[in-house]
Amino acid sequence: MSVNVLYSTSARANGGRDGRSATLDGALDVKLSRPKELGGAGAEGVNPEQLFAAGYAACFLSAMQFVASQGGTAKVPADATVTATVGIGPRSEGGFGLEIALAVSLPGVERAAAEALVEKAHQVCPYSNATRGNIDVKLSVV
């Protein structure tokens, strides 16, 4: 599969989960901290799962807006939200794995229409396409 890349960005990390990560253009620069649940001190800072959850939530909401702009689906209200929950832990096959839950709120949109929009967005969202077949992603309309 090829991708016609319209935008790309680069980030560099040092120190792993207890270090720093920053985009090369300087737009993002974050202190990283390992959560207590993964053996860290739980110090101030963010972790890769938080960054992934924030990115996936924003991207999925944009995917819903894109799908709605193509017609044939419900419109996305201005107060729509996507909450992404990312879990990490050891896999039974070895190594570590992720699981993701996306809780979508579309106030004022009839439930069946909301569910159809979410399913269509899940087919076009690049994060959904990247995780499909690798990570269990649970979708819900709340």
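1. Helices (H or I, at least four residues) and strands (E, at least two) are DSSP runs numbered from the N terminus.

2. Please keep in mind that this is a predicted model, where local features need pLDDT of at least 70, side-chain atom pairs count only at pLDDT 80 or more, and totals for chains, interfaces and linings use all residues. Residues are numbered from 1 along each chain as its sequence is written, and side-chain values use heavy atoms, leaving out hydrogens and water.

3. The sheet itself is open, with three strands in the order S4-S5-S6 and mixed pairing; two strands pair if DSSP finds at least two bridges between them. Strands S4 (81-90) and S6 (136-141) each have a single partner strand, so one side of each lacks a neighbour in the sheet. S4 and S5 (residues 96-105) pair in the antiparallel sense over ten bridges.

4. Now for the side chains: the whole structure holds five salt bridges, each a side-chain nitrogen of Lys or Arg within 4 Å of a carboxyl oxygen of Asp or Glu. Among them, Arg-111 and Glu-115 meet at 3.1 Å, N to O; both lie in helix H2, four residues apart, about one turn of the helix.
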